[in-house]
Amino acid sequence: MAGLDWTYGVSTLRQWESADYEPSLPVSEKSNPLTCDIDRASAYSIVKMLQVCDSQMFQKEAGTTYQRLLSDQVLKTLMEVAKRVEVIIKDPQESCVVMSGCGTSGRLAFLISSGFNKALSQLNQSEVYSYIIAGGDRALLSSQEAPEDDPRLGVLSLKKVCEGKKRVLFIGISCGLSAPFVAGQLDFCLQHPEVYTPVLVGFNPAHQARYRTLNIYCTFTFHSVVQRMQELAKSQKAFLINPAVGPEAISGSSRMKGGSATKILLEVAFSAAHAATSSNTPITHNGVLQHMMEYERTLAVTYSQPDGITTLVEAAGESLRCSRHVYYLGWGSLALLGLIDASECSPTFGADYEDVRGFIRGGYRELNNNDGPLTSLGPKFSIAHEDFLHLILPCLTDTDTVLLIYTHSDDATEVGNMARRVREKTPNLHAVYHQADGDTAASLQQVDQRELSTKLVLNAVSTGAHVLKGKIYQNHMIDLQVTNTKLYRRATRLLQKLSTCPEEKCEEALLKAIYRVDMLTLEMTSSDITTHTCFARNSTKVKR
């Protein structure tokens, strides 16, 4: 792998777009041909593979099969969404922008709402952004897969956030156009057009939205919701933003490109609205395009240091292989990205919460989440630097990896003191540091680029480390619990792909693993998926 040529031809980069490439799978669930042997790659090769996969986000549109991130229709839709945000910023009374999602999508909704509310607050303007995450605030820091399957819970959450509001721009994020939690919210918005304007953000074409009935209480599917939104989009009463960004480097791991593209799209729209409000100038197509291209440059700049990222991947991988830990110690919004990345390792790689952990200066005071401190829920919710110093530092060894994440504007003395204390326990200390050029105003405009860069690096570190540990087969995640419908279907498909057995045989094998039996009872085979995933949730492992 060390001598591999990373200048892929167009045919290889676009192989996934072929009609006969894994035709039964939506884009978000396909395997990426660029990473088919990532499980055998060196740390450097892993980083280069991730770079090429991430660059697929900005590939130009070819033909009519898939819209892309820079497609004209995507840019036009972003402009229209930005205009509606602008109206709410200028007239915030009884109005709000609500973002909602499950897992990574919900965590990014929190991150983005926090950042843009802070920007409004600094200008003495009313905060207008709210977030919803399936499973509540505990899902910000730990895996809560089950609530994703409950559309009624999604509706209740939305009603609570929007109580008393007369104008709501609702943005539902579902990378695979599949989450019942979000589908329920979108359906509710469509039933109340006098208050809600729904926006759907995802990364599959509309015809690949989930067809299956959400659960026994619903008469609609995600696909039927999308169809209704497409019809309303003609009169700009609903909006669908669903460019294809290509399969994930690790199949189905939408925390990576799906999360990055979500962040890019929403930040471009909101930034355009904020700029138009403050300068009293119109939102333009060229302005939106230029902002999108700034993110493309950020990706290129980030991966221009492959040796540095490789060093981090190797260190983290060695720590995990030694059954030790990786710790992110961050400041400001970059620390939030550390918390997010760490929280995603458990559902993606079957990791223990102690394997990769994030800590933020100021703890819950800086987090400023809806529910406030969550430390009463258990040790995994201890997230302050003080918690690291009291609980982790005394047990730190030279096989643990510690990564400091900060910028030029953070307190250098404080960062230095933390580094000194860590070095007293281990030499395995690294840093991700961002320095902005220019004056304060210019540096503020770079916040979203710094965040994306940090996200790309941390995704590479945690993904690469777990690949090196052996948590990936080819480019498939193989150590996870089937705790919701999405994961149940994914596990069945993976068994099909690897065994070439019929679907019914693969599902039978999966059920035997879930229930830990050699013979299935009639009760087991006749139960619905919700019953199966509920049982799997109470097991430490489902594979045998």
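Which residue's side chain does R68 meet in a salt bridge? The partner is E17, and the N to O distance is 3.4 Å. Good morning, colleagues. Please keep in mind throughout that the structure before you is a predicted model.

Let me stay with this pair for a moment. R68 lies in the loop between helix 2 (43-55) and helix 3 (72-90), whereas E17 lies in the loop between helix 1 (10-13) and helix 2. The two residues are 51 residues apart, so the pair links distant parts of the chain. R68 has a relative accessible area of 1% and is therefore buried. E17, at 14% relative accessibility, counts as buried too, because the cut-off is under 20%.

I turn now to the chain as a whole. The protein chain contains 21 helices and eleven strands. For 544 residues, a compact globule would have a radius of gyration near 24 Å, and the value of 22 Å for this chain agrees with that. Along the principal axes, the C-alpha atoms fill a box of roughly 60 × 60 × 50 Å. Of the 544 residues, 59% are buried. The accessible surface comes to about 22,500 Å², and carbon and sulfur atoms account for 50% of that surface.

How do the contacts run along the sequence? Among contacts between residues at least 6 apart in sequence, 77% join residues at least 24 apart.

Next, the charges. There are 54 positive and 58 negative side chains, and the centres of the two sets lie 2 Å apart. The structure holds 24 salt bridges. One of them joins the side chains of E80 and K83, at 3.4 Å from N to O. These two residues are three apart in helix 3, which means that about one helical turn separates them. E80 is buried at 16% relative accessibility, while K83 is partly exposed at 33%.

Another salt bridge brings together the side chains of K118 and E366, at 3.7 Å from N to O. This pair links distant parts of the chain, with K118 in helix 4 (residues 104-122) and E366 in helix 13 (residues 363-367), 248 residues apart. K118 is partly exposed, with a relative accessible area of 46%, and E366 is partly exposed at 30%.

Finally, consider H325. This residue sits in the loop between helix 10 (306-321) and strand 6 (326-330). Is H325 buried or exposed? Its relative accessibility is 13%, so H325 counts as buried. Leaving aside residues up to four places away in sequence, H325 touches S319, E354, D355, D400 and T401. Thank you for your attention.

Methods. Residues numbered from 1 in each chain as written. Predicted model: local features only at pLDDT ≥ 70, side-chain atom pairs only at ≥ 80, totals over all residues. Heavy atoms only, no water. Helix = DSSP H or I, 4+ residues; strand = E, 2+ residues; numbered from the N terminus. Rg over C-alpha atoms; globule rule 2.2 N^0.38 Å. Buried < 20%, exposed > 50% of the residue type's maximum accessible area, 1.4 Å probe, protein only. Contact = heavy atoms within 4.5 Å. Areas by Shrake-Rupley, 256 points an atom, 1.4 Å probe, with all protein chains shown as cover. Lys, Arg positive; Asp, Glu negative; His and termini not counted. Charge placed at Lys NZ, Arg CZ, Asp CG, Glu CD. Salt bridge = Lys/Arg side-chain N within 4 Å of Asp/Glu carboxyl O.
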